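This report is intended for a reader new to the structure displayed below. Please keep the sequence and the model in view while reading.

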Amino acid sequence: RIEASLIEGNFAGGGGGGVYISPNYPGTKVIIQDTRVTQNETDATFAGSLGGGIFSGAGLTLIRVTVDGNRSYGAGGLFQYGNEGLLTVHDSTFHNNSAVNVAGGLWLAGALGHTFTNVTVSENTAGDWAGGLYVTDLPASLQNVTLSGNRAPLGANIYTLRTTVTITSTIIANPQGGGENCAAQDAVQPAISGGYNLDSDSSCALSSATDLLATDPLLGPLTD
């Protein structure tokens with residue numbers, strides 16, 4: 001358990017510039033709470049360097065955590081994977097992280113049922129795709145989440161591969177870098193609506209009568 005901590009300015013040649021959680025210990029569950037993970041870095045010239053802020057292969061819960069200003073080749077903020085690598089995030093922020101390749105904010109792989117509640121993913125950057133959130137192979141669930149101002153040529157805010165995400169009461173807006181809000185590969189659609197969402201460019205294929213499409217949320221800048 002990590003609590004009330006500042007994890008800042010660290011470097012790793014491989015994965016996990018700030019925090020590395022090994023996948024080699026079955027049953028491991030980690031909680032990070034009331035903590036900031038900032039300005040950490042992995043070797044951005046090495047294609048295997050993932051998780052500039054956090055690299056996790058175990059069950060991970062984040063509560064009131066800020067992950068900001070981290071950098072890597074892939075998954076600038078957080079890389080989560082492995083059969084037991086279930087990620088649960090509450091009341092947290094991923095802001096201004098960057099990846100040379102994919103997943104400026106977060107890359108989720110491996111486990112079934114990643115969940116996000118009351119989370120902001122904003123102004124993260126990826127050189128190729130998935131500026132904000134990259135979800136592969138197994139679905140994730142977002143509720144009361146804001147994805148805004150993330151930057152990538154494809155899927156600026158959300159990019160899914162062989163899966164989809166279910167979003168409820170969520171804002172997806174202000175894509176940057178040439179990509180639309182949502183993009184998908186080998187999936188019928190990038191997102192399934194749980195209702196009451198806003199998609200500023202209508203690229204997420206939302207279908208609920210309660211969703212707002214092609215609508216500007218008029219968001220202000222992120223503040224503490």
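## The disulfide

In this predicted model, Cys-182 and Cys-204 are joined by a disulfide, with 2.0 Å between their sulfur atoms. That distance meets the criterion because a disulfide is counted when two cysteine sulfur atoms lie within 2.5 Å. The count by this rule is one disulfide. A disulfide is a covalent bond between the sulfur atoms of two cysteines.

The torsion about the S-S bond of Cys-182 and Cys-204 is about 75°, and the disulfide is therefore right-handed. Cys-182 belongs to strand E21, whereas Cys-204 is found in the loop between strand E23 (198-199) and strand E24 (212-213), so the pair ties together parts that are 22 residues apart in sequence. Cys-182 and Cys-204 are both buried.

## The parallel sheet

Strand E21 also takes part in an open sheet of seven strands, whose order is E4-E7-E10-E13-E16-E18-E21. The strands of this sheet pair in parallel. At the edges stand strand E4 (19-21) and strand E21 (182-185), each of which pairs on one side only. On average, neighbouring strands of the sheet are turned by 5° against each other, with direction ignored.

## A pair of strands within the sheet

Strand E16 comprises residues 133-136 and strand E18 residues 158-161. Four bridges connect strand E16 and strand E18, and their pairing is parallel. Which residue in E18 stands opposite Tyr-134? The residue opposite Tyr-134 is Tyr-159.

Conventions: Residues are numbered from 1 along each chain as its sequence is written. This is a predicted model: local features need pLDDT of at least 70, side-chain atom pairs count only at pLDDT 80 or more; totals for chains, interfaces and linings use all residues. Side-chain values use heavy atoms; hydrogens and water are left out. Two strands pair if DSSP finds at least two bridges between them. Helices (H or I, at least four residues) and strands (E, at least two) are DSSP runs, numbered from the N terminus. Axes are lines fitted to C-alpha atoms, for helices over the stretch in contact, and angles run from 0 to 180 degrees between N-to-C directions. Buried means under 20% relative accessible area, exposed over 50%, partly exposed in between (1.4 Å probe, protein chains only).
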